[in-house]
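Let's work through a few exercises on how chains meet and how copies relate. Have a go at each before reading its solution.

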Protein chains: 4
Amino acid sequence: MQLGLVGLGKMGFNMRERIRRAGHEVVGYDRNPEVTDASSLADLVDKLAAPRVVWVMVPSGDITRNTIAELGGLLAPGDLVIDGGNSRYTDDKVNAEALADKGIGYLDAGVSGGVWGLDNGYGLMVGGAAEHVELAMPIFDALRPEGPREEGFAHAGTVGAGHFAKMIHNGIEYGLMQAYAEGFELLEASKLVENVPATIKAWQRGTVVRSWLLDLLVRALDSDPELDDLRGHVEDSGEGRWTVEEAINLAVPAPVISAALFARFASRQDDSPAMRAVAALRNQFGGHAVTAAGPSSGSGSTQG
Amino acid sequence: MQLGLVGLGKMGFNMRERIRRAGHEVVGYDRNPEVTDASSLADLVDKLAAPRVVWVMVPSGDITRNTIAELGGLLAPGDLVIDGGNSRYTDDKVNAEALADKGIGYLDAGVSGGVWGLDNGYGLMVGGAAEHVELAMPIFDALRPEGPREEGFAHAGTVGAGHFAKMIHNGIEYGLMQAYAEGFELLEASKLVENVPATIKAWQRGTVVRSWLLDLLVRALDSDPELDDLRGHVEDSGEGRWTVEEAINLAVPAPVISAALFARFASRQDDSPAMRAVAALRNQFGGHAVTAAGPSSGSGSTQG
Amino acid sequence: MQLGLVGLGKMGFNMRERIRRAGHEVVGYDRNPEVTDASSLADLVDKLAAPRVVWVMVPSGDITRNTIAELGGLLAPGDLVIDGGNSRYTDDKVNAEALADKGIGYLDAGVSGGVWGLDNGYGLMVGGAAEHVELAMPIFDALRPEGPREEGFAHAGTVGAGHFAKMIHNGIEYGLMQAYAEGFELLEASKLVENVPATIKAWQRGTVVRSWLLDLLVRALDSDPELDDLRGHVEDSGEGRWTVEEAINLAVPAPVISAALFARFASRQDDSPAMRAVAALRNQFGGHAVTAAGPSSGSGSTQG
Amino acid sequence: MQLGLVGLGKMGFNMRERIRRAGHEVVGYDRNPEVTDASSLADLVDKLAAPRVVWVMVPSGDITRNTIAELGGLLAPGDLVIDGGNSRYTDDKVNAEALADKGIGYLDAGVSGGVWGLDNGYGLMVGGAAEHVELAMPIFDALRPEGPREEGFAHAGTVGAGHFAKMIHNGIEYGLMQAYAEGFELLEASKLVENVPATIKAWQRGTVVRSWLLDLLVRALDSDPELDDLRGHVEDSGEGRWTVEEAINLAVPAPVISAALFARFASRQDDSPAMRAVAALRNQFGGHAVTAAGPSSGSGSTQG
């Protein structure tokens, strides 16, 4: 089938290639003239035959919202828009309703797999109406990994369910990464395990902790055994925050996912104001300010 | 080669089978007459030709310590004992030194894989001297999964390093499980995702969170889609506690692994004394005790 | 001076009394005819001379928003509205701007102290313009505790700053309560400390942990030494959630406040779906499902 | 009465002064010749009349253990040793039994109050036999704050109970400090609260969070309003670690106290190995390493 694909960045570029490999026709649009197939969104729409399916794969937030709004003015009743970016699920209902007023369908699709998706396929979680899912299924089948459809694709629910599922997926991802990271630091900190990379490498087959993330950690350690080419400053990209906010909203305890999120926040601080406050308190009751008053050798400090 | 194997429980029973499938001779001993190959530890030792290799696979703690001590009295210089159970790594040096006094070698082996190891193989992390590792390598090769040796077996360091690595492995496992569990609860709590098992099943291929534990979660949801055949009371078996204690000992922050451990503790409490204290405090400043004093409709409560 | 006070619940009722004791005239309004001084909001406004100051002390959310909107239709330019409830700080700018359009001033006041405020006074954090603060200062002075003004009253900043400060105050409160609660449970769990209430009582003077909350805990233990008249199910009232959301918004690590919040969430669950998922995973790899396959006495389990 | 006091550091120096002010005779010993009253431990013992009471107030660990052992060789049946330092409670039984063999009594005393104890008095938690407590009560009464004895002194239980209670006291203290610290950072991070020190100062009277630690925070902010004379690197001194280890031992969830402890660990790391591992994982799946392969303007990244 034919697909319009807006956004040819790290994700969209590879997705276009994978969909083409599956035998479909993809008209891609990107502001970058080196990669685009169309000169504008309008041109992209012109190049597609009705009923059109247009996949939006641009940065979440205003860029996605504006792109979808613009498509709403260009497409016709019966067409379908798919937001495959990392939009917050609360945007989906708004988008879907605005497009529905014009007879245009809407699906939200969570897409996982990173740069590896070109070869491995992308895990897909989709929200929206069954007839829209059916219309786009050839594209989903092209993008998802080999194997049974249900192991790489889910129609998770109505509009928003795809991005909600992707949000939780990423929240889990935060927790998994932090768990491996704490384990790595503990192995490094101990003198007992002499070959940390080899030990972690040996977890790849047979163990309970084997996973794709573990394979990536092994890959990273292969090229940088102490991971000292990197600084431990870690960004976060929205879904982790949204997951914890959703936990608060739903009154679900999320100690691990929130701890992983806060560890990232802390990693970006040169100096922690909170810990300055703790240091100040210790100074106050431990009496460093008044040290001169009590000259002594033995200490017998009782401060925590 | 020939192996003595002490303990034919869930782990040892399957391990004997896997090693035999690889063409080795295994003499197993268990108190259970239905599964044992020898009538006693002494009988097991008698049935082996020197230099003997005896793998101990019994519950950690006193049972393991006593078994190893007893073997120390039965074996001869040049023999080798391997502790493959979940012993705390601090036991290993004690065991190794006691055996070394008699000329007997010692290896500690962390073994991961659960009941699936029979078919999948077991991930192995080993601590001890290189010559002892070499002596037992045919057995390690029989137990470990197919594929490159280094992806399922590590000689992690000197005596204790195997159990240390296994302890950290299990600590990570606690964090991973809790991350998936929080995600599951969040999906369940929201109305938006209509088919939670199908959504999680779709994470098995292509996504960043794919893992063996995820496969097991999918398997559990296949037979019990709401997981309501189970109570959320979760035991812990030592390594999680030891990992957090080691984090304290090494001054390594372990917020995720400790949160996962504490979630298990909390899951086993019918009522939390701590939360009774919080409730009592709220009662005190919120004035439930003096409610009669201020009859009112509007509340304007300022209590947290 | 003269004050209109809307809401005579647990907080407002006592506040009216405290302000009257300080020699001011208070016209209170509550839907409850047994405590009200006016028959309606309009009647309350009629009973006050311009420039009027009306303090709103009703439950946060729609009730507060609606009450302030209604006052906007009844008051005149030069009048002043103070929201003393636990409104989210983001409401304040909206309220202030709507009232400013009519020439009416607005202050937000965080009020702490619970039912003890009648006698002890209330800690006050106020946001808004200096001239409005000045206008209401006699009321603030009546409400705040004895002693220096700056130890019981702060003009924290512009509109919203009062409720923001109160939100953080309550977030801290969550952390403090949980810290004491964990300590209480640890003392209870150990056999070593024979008299837990007496031990905690002895912390009231001289120790680093002495506080008003500790005094309340001692008071609770005086009447219920094991705290077993209570269930450990603890509600939360908004500010704790908002504080963690604000931490996420500001990228500030808040491990303690969030842990305290999640402990409350968990305390209200009869059974945790997350922990059912952990139990299910342990079942899967620990092989309970296949127990029949490996009859044994020794176990050698390697499962976490 | 007469007291021997070993260790005249920050704590012991002030304690000698406070006990003397209460009219007792104190013979102090310290290695520092400027403050000591005796030339050696033996000299100190010589200067006391039987039955002697000797209070040990030196750094916990080997120094305390050795001091008590040495006293065991110098004292006589009927004498009493009090360990008032921050020893781990598990040391107490060992010390008590060794002294009991010689007919010497033993008490363990947790002492809280820091450098402020000279004027405010010290909160005391004592473990041991009733007759020994009775013997030393005049000293306890001299040290504890003014007011009812039970609000500043507890006989918590048998030997070890005093140090156990002090350990938990300090664990709570960690949680309290971290709660205030997170609140401080949140106030600082927001633009809304213009005067953070004034806002915190206003919490000292009337609010739910008022406490002695809050008073100390106000004091610190008085002299350093942004707390930027300090680095946010915070040491820990044993009791926090022991409290979390005890929580693990007793299977008591301690999310807040452990979070406070881990925040201190993290505060001392220039760069976090764990966060380097998280960064490495993000690099791996986000494809920074392969950026060259997909030139693009729009990104549409789906990485967490």
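Here are the ground rules, then two exercises with solutions.

This is a predicted model: local features need pLDDT of at least 70, side-chain atom pairs count only at pLDDT 80 or more, and totals for chains, interfaces and linings use all residues. Residues are numbered from 1 along each chain as written, chains are lettered from A in the order written, and side-chain values use heavy atoms, without hydrogens and water.

**Exercise 1.** Describe the interface of chain B and chain C.

*Solution.* Start with who takes part: 81 residues from chain B and 82 residues from chain C (contact means heavy atoms within 4.5 Å). Next, the area: the two chains bury about 6700 Å², 59% of it on carbon and sulfur atoms (accessible area, 1.4 Å probe, lost on being put together, summed over both). Now look for salt bridges, where a side-chain nitrogen of Lys or Arg lies within 4 Å of a carboxyl oxygen of Asp or Glu. The rule finds 2 across this interface; B:Asp271 and C:Arg231 form a salt bridge at 3.6 Å, N to O. Finally, on the side of chain B that touches chain C, H12(B) gives the most, with 14 residues (helices are DSSP runs of H or I, at least four residues, numbered from the N terminus).

**Exercise 2.** Which rotation superposes chain A on chain C?

*Solution.* Superpose by least squares on C-alpha atoms of residues with pLDDT of at least 70 in both copies. You get 180 degrees with 0.0 Å of shift along the axis, RMSD 0.0 Å. That's the relation of a two-fold axis. In chain A, the C-alpha nearest that axis belongs to A:Glu245, 3.2 Å away. Both copies use the same surface: 100% of chain A's contact residues recur in chain C.

Notes
Helix = DSSP H or I, 4+ residues; strand = E, 2+ residues; numbered from the N terminus.
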